[in-house]
Amino acid sequence: MTINDIISVSKQIFALADVNNFYVSCERAFNPNLLYRPVVVLSNNDGCAVARSNEVKALGVKMGTPWFQLKDLAKQHGIVALSSNYMLYSDMSNRVMTILRDFSPHVEVYSIDECFFGL
């Protein structure tokens with residue numbers, strides 16, 4: 001990168017794209033029956049909640065809550081618990097980033113569901 005590239009980029013406006021409830025959104029994309037239902041995606045070995053739908057957040061469930069502590073609440077409110085599918089999330093992340101690259105030559109991936117991109 002040259003100094004002119006740095007100056008050009010420094011004058012540019014960047015935005016942050018952050019996919020809402022990413023793991024849950026990925027699951028819903030392939031299973032529309034999950035739309036508008038309370039859904040949690042669990043960590044490896046189904047230990048704790050690593051993603052929560054808005055419906056689950058409204059019930060007061062915090063990120064990282066162990067699944068064994070949620071079982072009664074899940075029965076009461078019909079919470080659907082899913083095991084993590086990291087291959088799916090990685091594929092969907094790549095799709096999102098590819099689409100954003102169609103609109104901006106400057107895309108800096110920050111995490112699986114977030115990136116900065118030039119406007």
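In this briefing a residue is called buried under 20% relative accessible area, exposed over 50%, and partly exposed in between, with a 1.4 Å probe and protein chains only. By that criterion Tyr89, with a relative accessible area of 0%, is buried. The structure is a predicted model, in which local features need pLDDT of at least 70 and side-chain atom pairs count only at pLDDT 80 or more, while totals for chains, interfaces and linings use all residues. Residues are numbered from 1 along each chain as its sequence is written, and side-chain values use heavy atoms, with hydrogens and water left out. Helices (H or I, at least four residues) and strands (E, at least two) are DSSP runs, numbered from the N terminus.

**Aromatic pairs**

- Rings of Phe, Tyr and Trp (its six-membered ring) pair if their centres lie within 6.5 Å; planes under 30 degrees apart count as stacked, over 60 as edge-to-face and the rest as tilted.
- The whole structure contains five aromatic pairs. In one of them, Tyr23 and Tyr89 are stacked, because their ring centres are 4.1 Å apart and their planes lie at 10°.
- Tyr23 belongs to helix H2 (residues 22-30) and Tyr89 to helix H5 (residues 86-103), so this pair ties together parts that are 66 residues apart in sequence. Both Tyr23 and Tyr89 are buried.
- Tyr89 also pairs with Tyr86 in an edge-to-face arrangement, at 5.8 Å centre to centre and with 90° between the planes.
- Tyr86 and Tyr89 are three residues apart in helix H5 and are therefore separated by about one helical turn. Tyr86 is partly exposed, at a relative accessible area of 36%.
- One aromatic cluster is formed by Phe22, Tyr23, Tyr86 and Tyr89.

**Salt bridges**

- A salt bridge is a side-chain nitrogen of Lys or Arg within 4 Å of a carboxyl oxygen of Asp or Glu. Two salt bridges are found in a search of the whole structure.
- Glu55 and Arg28 form a salt bridge in which the closest N and O atoms are 3.0 Å apart. This pair links distant parts of the chain, with Glu55 in helix H3 (residues 54-58) and Arg28 in helix H2, 27 residues apart.
- Glu55 is partly exposed at 25% relative accessibility, whereas Arg28 counts as buried at 15%.
- Asp91 forms a salt bridge with Arg95, where the closest N and O atoms are 2.9 Å apart. These two residues are four residues apart in helix H5, and therefore about one helical turn separates Asp91 and Arg95.
- Asp91 is partly exposed at 33% relative accessibility, and Arg95 is partly exposed with a relative accessible area of 44%.

- Two strands pair if DSSP finds at least two bridges between them.
- S1 (residues 14-18) is joined to S6 by five bridges, and these strands run antiparallel. Within this pairing, the bridge partner of Ala15 is Phe117 in S6.
- Strand S5 (residues 107-111) also pairs with S6 in the antiparallel sense, over four bridges. Val109 stands opposite Cys115 in S6.
- S5 and S6 are joined by a hairpin through two residues. The loop between S5 and S6 holds Ile112, which counts as partly exposed at 30% relative accessibility.
- The C-alpha atoms of Ile112 and Val19 are separated by 9.2 Å, although the residues are 93 residues apart along the chain.
- Strand S6 (residues 114-118) is largely enclosed by the rest of the structure, because four of its five residues are buried.

**Open sheet S3-S2-S4**

- An open sheet of three strands has the order S3-S2-S4 and mixed pairing.
- Strands S3 (49-52) and S4 (80-83) stand at the edges with a single partner strand each, so one side of each is left without a neighbour in the sheet. The twist averages 30° from one strand to the next, where axes are lines fitted to C-alpha atoms, for helices over the stretch in contact, and angles run from 0 to 180 degrees between N-to-C directions.
- Strand S2 (residues 39-42) and S4 run parallel and are joined by four bridges. Leu42 stands opposite Ser83 in S4.
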